[in-house]
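Have a look at the sequence and the fold, then read on.

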Amino acid sequence: MKLDETEIKILTHLQKEGRLSRRVLAERIEVSTPTISSKIEKLENMGIIRGFSVEIDHGKMGLQKYYFKVKAQERTEEEMREVFEGSELFRKMEKLEGSGYLITLFINDFNQLDMATEYIEEKDGLSIEEVWRTQDEETKVPKIPLDENVSLDIACYYCGKPIEGEPEKWKKDGKEHYFCCSSCKGLYEEKYERLQKRKKEMKEER
Ligand SMILES: [Zn+2]
């Protein structure tokens, strides 16, 4: 499942300024306010945007957190910061003991991991000593580069498995539900109807 151009723009703006009103967003992106509202609702529904102050769940967008342990010979911290700030793949730099630095990065494919690796290794005096990945759920990381290749990792509402490709959708009570296949969708609908019926019965019993 992919984001469309308007959705990418909305997220990009909200990453910079989480409290932009829908009206201002509409003006900046040059679409109507109702479009913004329905897009934001959709993003909330999918769990991409959470709550009021807009946190973006990067795990859901398939972004993975990596650490590089970098050895920097004859480089000042100031110089390292310049190197670090020269690429938008890097999120955080921490000084370790000796000549080491811990660099945090978020990537959405191996190509970006290669790019980050090359970027560091081509600099004089820098070498990557260790690379590792975490499963951490880091939710509040500003300024992730967003593009149309970011794929969304949405779980099926029925079976909980990640949805590959386009989801089956079912709109009920104004909320969009997403499924991995038509049989999950069917089963969920049945379960939903049963629950509604049961609720109604319970009300009547009282
Ligand atoms: Zn499913």
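Over which residues does pLDDT stay under 50? The answer is residues 137-143, and the model has 12 contacts beyond four places in sequence for them. Where pLDDT is low, the predicted coordinates should not be read in detail. Keep in mind that this whole model is predicted.

Across the protein chain, the mean pLDDT is 80, with 84% of the residues at 70 or more. The two ends of the confidence range among the secondary structure elements are these:

| Element | Residues | Mean pLDDT |
|---|---|---|
| Strand E2, lowest | 55-56 | 61 |
| Helix H2, highest | 22-29 | 91 |

Now to the fold itself. The protein chain has six helices and eight strands, and their order along the sequence is α-α-α-β-β-β-α-β-β-α-β-β-β-α. Of its 206 residues, 20% are buried. Among contacts with a separation of 6 or more, 59% are between residues 24 or more positions apart.

Strand E7 covers residues 168-172 and strand E8 covers residues 175-179; the two run antiparallel and are joined by five bridges. One of these pairs Lys-169 with Tyr-178 in E8. Together E7 and E8 make a hairpin with two residues between them, and Asp-173 in the turn shows a positive phi of about 50 degrees.

Is strand E7 buried or in the open? Strand E7 lies largely in the open, because the number of buried residues among its five is zero.

Technical notes: Residues are numbered from 1 along each chain as its sequence is written. This is a predicted model: local features need pLDDT of at least 70, side-chain atom pairs count only at pLDDT 80 or more; totals for chains, interfaces and linings use all residues. Helices (H or I, at least four residues) and strands (E, at least two) are DSSP runs, numbered from the N terminus. A residue is buried if 20 or more other C-beta atoms lie within 10 Å of its own, exposed if 12 or fewer, and partly exposed in between; C-beta atoms are placed from the backbone. Two residues are in contact if their C-beta atoms, placed from the backbone, lie within 7 Å. pLDDT is the predictor's confidence in each residue, from 0 to 100. Two strands pair if DSSP finds at least two bridges between them.
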